Amino acid sequence: MGATPAYTALQPEEIRTMVENGTAGTIIDVREYNDYCSGHIPCALNYPWNSRYLQDYYSELDPHSRYIVVCLSGIR
C-alpha cells in the first residue's frame, strides 16, 4: 500500500473560487520576490523557497490551519 499524500493539487480555477468564497485559508507563494512581484494572487504571502524563507519560518505556521502553496511549476 502506498502512503496517502499530505497535499491536494488544485487548479487555478479552484483556487480562485476558494479565494472568492473565503475558504482558501492562507496562500503562500514560494517563488522568489522578483517572480512574485511580476504577478501573484493578491492575498498571497511571499515565502520564497530557494531563499529558505519558508524553511526558516515553517515552525511559526499553525499546523491546524489550511494553506495553499503556490509556485510556478509545482516542483517546489
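1. Helices and strands here are DSSP runs, numbered from the N terminus. The model is predicted. On that numbering, R31 sits in the loop between β1 and α2 (33–37).

2. R31 has a relative accessible area of 11%, and because buried means under 20%, this residue counts as buried. Its side chain makes a polar contact of 2.8 Å with the side chain of D29. A polar atom of the R31 side chain also lies 2.6 Å from the backbone oxygen of G39.

3. The sheet is open and has three strands, in the order β2-β1-β3, with parallel pairing. β2 (45–46) and β3 are at the edges with a single partner strand each, so one side of each has no neighbour in the sheet. Between β1 and β2 the parallel pairing runs over two bridges. I28 is placed opposite L45 in β2.

4. The largest pocket holds about 1300 Å³ of space. Its lining comprises 36 residues, and those nearest the centre are T8, Y67, I68, V69 and V70.

5. Elements that each supply at least two residues of this lining are α1 (12–21), β1 (26–29), α3 (53–57) and β3 (67–70). The largest share, five residues, is from α1. β3, an edge strand of the sheet, is thus listed among the contributors to the pocket lining.

6. By residue class, the lining of the largest pocket divides into 23 nonpolar, seven polar and six charged residues.

Methods. Residues are numbered from 1 along each chain as its sequence is written. This is a predicted model: local features need pLDDT of at least 70, side-chain atom pairs count only at pLDDT 80 or more; totals for chains, interfaces and linings use all residues. Side-chain values use heavy atoms; hydrogens and water are left out. On a 1 Å grid over the protein atoms alone, a cavity is a set of points where a 1.4 Å probe fits but cannot get out, and a pocket is an open set with protein on both sides within 12 Å along at least five of seven lines; lining residues have an atom within 4 Å of a point. Grid points are joined across faces, edges and corners, and a volume is the space filled by probe spheres set on the points. Helices (H or I, at least four residues) and strands (E, at least two) are DSSP runs, numbered from the N terminus. Ala, Val, Leu, Ile, Met, Phe, Trp, Tyr, Cys and Pro count as nonpolar, Asp, Glu, Lys and Arg as charged, and the others, Gly among them, as polar. Buried means under 20% relative accessible area, exposed over 50%, partly exposed in between (1.4 Å probe, protein chains only). A polar contact is a pair of N or O atoms within 3.5 Å; within protein, one must be able to donate a hydrogen and the other to accept it, and residues adjacent in sequence count only if both atoms are side-chain atoms. Two strands pair if DSSP finds at least two bridges between them.
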